[in-house]
Amino acid sequence: MPQRVGILGGTFDPVHIGHLRAAEETAEALGLETLLFIPAADPPHKTGKRVQPYLHRRRMLELSLEGHPFFRISDIEQQMQGKSYSVLTLRKLRREVLPDAQLYFLVGLDAFLELNTWWHYRELFQLAHLAVLRRPGYDERRMADFLTQNVSSLYVGDACHARFDHPELCSVHYLHNTHLEISSTRIRRLFQDGRSIRYLVLPGVMGYIQANQLYCSERTIFS
Ligand code: ATP
Ligand code: MG
């Protein structure tokens, strides 16, 4: 049996319990043996926006995943040149790192419904199964239309297994993860406004943000 490996890419600026809980529930639902968190080195969707340097974002991930039996961090995007396009990352993982694994690319519903703006997005559906995490504010009923209109009309829903299947492309799974209305954007704003972020991030991350004054508006650095 090939190893089942999940991949969760993101800016993780900072990583929060919305990411962590969704990852845990997905791993359980799909029987994943490893889940790789891949911080984007140069996130294409954040061009012109303020993003903390890679090392801070990675360190906060490290503090959050410490002690987890199979959650790991991969620096693959930092090692690659140029923008962190998911297709390039998945190609490299497929060809060079995990050629025999069954890959599941985790993506929030907000991101999924914008996949058609991603570089060479159709190829994603050849490289890995997708696991779509539900997210408050985004309607899962839009998934079927999105898939058939933007990827292939041959995708067919299988409600029993909460997934869409295709004769040639990879399947798209839909997760019933706990709705957690938490985003990194909200956490950054709370911190800037001098409000509490306790319980939205793990204690180590809260301490790290405070110690390094990461989200104190003007001091934020362009990556
Ligand atoms: P930002 O507000 O800066 O965009 P974010 O909270 O969306 O941050 P990202 O690093 O952009 O975090 O997210 C990485 C991945 O995790 C994306 O696919 C995103 O949709 C998903 N994700 C983030 N937060 C949640 C959540 N609360 N529930 C489910 N999925 C989430
Ligand atoms: Mg986001």
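Predicted model: local features only at pLDDT ≥ 70, side-chain atom pairs only at ≥ 80, totals over all residues.
1. A residue is buried when its relative accessible area is under 20%, exposed when over 50%, and partly exposed in between (1.4 Å probe, protein chains only).

2. Residues are numbered from 1 along each chain as its sequence is written, and side-chain values use heavy atoms, with hydrogens and water left out.

3. Ser-64 sits in helix α2 (residues 54-65); helices are DSSP runs (H or I, at least four residues), numbered from the N terminus. A polar atom of the Ser-64 side chain is 2.9 Å from the backbone oxygen of Met-60. Leaving out residues up to four places away in sequence, Ser-64 touches Val-15, Leu-20, Leu-202 and Val-205 (contact means heavy atoms within 4.5 Å).

4. Over the whole structure, a search gives 7 aromatic pairs. Rings of Phe, Tyr and Trp (its six-membered ring) pair if their centres lie within 6.5 Å; planes under 30 degrees apart are stacked, over 60 edge-to-face and the rest tilted. Phe-70 and Phe-71 are edge-to-face, because their planes are at 90°, with ring centres 5.6 Å apart. Phe-71 is buried at 4%, whereas Phe-70 is partly exposed at 24%. Both belong to a cluster linked by ring pairs, together with Phe-12 and Phe-37.

5. Do have a look at Tyr-85 and Trp-119 too: their ring centres are 5.0 Å apart and their planes at 25°, so this pair is stacked. Tyr-85 lies in the loop between α3 (76-79) and α4 (86-97), and Trp-119 in the loop between α5 (109-112) and α6 (121-127), so the pair ties together parts 34 residues apart in sequence.

Definitions and conventions
Chains lettered and ligands numbered in written order. Helix = DSSP H or I, 4+ residues; strand = E, 2+ residues; numbered from the N terminus. Polar contact = N/O pair within 3.5 Å; in protein donor to acceptor, adjacent residues only side chain to side chain.
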